[in-house]
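Try each task before you read its solution.

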Amino acid sequence: MRAFAVRLPSGDRYWTVLDDELCVVPEADAFLRQVRFGRDGSELTTRAYAGGIALFLRWCGRTGRSWHAGIEHLGLFMIWLRHAGPRSSGLDADDGETAQVLAGPGAPPARGARRVNGVLTAVRGMATHAVAAGQAPAHLVPLLYEVADDRDLPAEARGEESRMAHRLRARHRLREDEQPVDRASDAEITALLGACLSARDRLIVLLMARAGLRRGDVHLMPDSRALGCEEPGAHLHVVRRANPNGAWAKSRRQRAVPLDFVTVQAFDAYEFERLAAPRADSSDFVLVNLFREPVGAPMRPAVVNALITAAAHRAGLARPIAPHQLRHAFGSNVADAGGAADEIAELMGHRSLSSTKVYLHPDPARLRAAVERVPSPRLAAGEA
């Protein structure tokens, strides 16, 4: 069982699951097509779901179960996910290595709670879609969900009415420890900027670290009403659309993100750099290939990862930095500067405030400063 990318004649892409004979798994394919085209999900979402479903079907096959029977023993699958590393769960594992998983006491888990829960979400989605489509028996749904009240939900999620409500709650889920968001520090961002080899690369770093983009039309004038845009000041528009380079805005809702003077200056420097590559003139994409073929073609998201990794290596940083850590740095810095939750959610493109909560943990330096502001008991007694 493996995840596999599919490109349709229209150019649209999604990911599906192939069995050991390289045939499409019908239930998985129907669900993934529904996610991509029925729900307008992104290609990357189907990729993540396909990978999780492939793991589940691989476990079912190696333990001699149909996937229907696998749903009935989802707790055992969770144990396998936690302790079966790549040698046991990968495509190349042999029969001797997959017969049993002996983690041993104190052995670190092969997958964290967040990854396990992500896989379970994909499996539940496939199973419930198969039941709705008549591809699986209806008794599978009660095995996946239980009726629960809303007492375990935060107050913001319960609504204003005091009466208790009921909902379906997933039966199988690991508790995820609440941890501070993994952000790039200001020193790491500065080092990355110093290690960039071009104005374009510096602009990419700033768009993620100073505007919170994931990886838009750009209006850099103080007043863009002459262009038909009523948004004041320098900003860019995040618009979800299909792009030939595979880039895809995760949020379905369009939004405008203000840009600061530093980012506007970086954009100006990039424009002069781009003018030196005449083959880029015909492209209406902002970020294009300038130093590799095909020159002028829109940059693929994977290239952004590669240039950030290379810059971090040249800067001699103690740890690797990923593009999403720059985005996390933006959200955290807005919170540290006193930004409200609704402001952070709008800037980051979050649909739910629960996605914003991870940025509301104060910076450790602010926590220490808060403690140091508390006068000592001895000093307080002397003043009295």
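**Exercise 1: a helix pair**

Task: find which residues in α2 meet which residues in α7.

Solution. Tyr49, Gly51, Gly52, Ile53, Leu55 and Phe56 in α2 meet Arg115, Val119, Thr121, Ala122, Val123 and Met126 in α7. Contact means heavy atoms within 4.5 Å. Helices (H or I, at least four residues) and strands (E, at least two) are DSSP runs, numbered from the N terminus. By class, this contact has 8 nonpolar, 3 polar and 1 charged residues. Ala, Val, Leu, Ile, Met, Phe, Trp, Tyr, Cys and Pro count as nonpolar, Asp, Glu, Lys and Arg as charged, and the others, Gly among them, as polar.

The model is predicted: local features need pLDDT of at least 70, side-chain atom pairs count only at pLDDT 80 or more, and totals for chains, interfaces and linings use all residues. Residues are numbered from 1 along each chain as its sequence is written, and side-chain values use heavy atoms, with hydrogens and water left out.

**Exercise 2: the angle**

Task: how are α2 and α7 oriented to each other?

Solution. Helix α2 (residues 43-62) and helix α7 (residues 113-132) pack at about 85°, axes 8 Å apart. Axes are lines fitted to C-alpha atoms, for helices over the stretch in contact, and angles run from 0 to 180 degrees between N-to-C directions. The two are therefore roughly perpendicular (65 to 115 degrees).

**Exercise 3: Trp67**

Task: which residues does Trp67 touch?

Solution. Leave out residues up to four places away in sequence. Trp67 then touches Glu27, Phe56, Leu57, Cys60, Met126, Ala127, Ala130, Ala136 and Leu140.

Definitions and conventions. Parallel < 35°, antiparallel > 145°, perpendicular 65-115°, else oblique.
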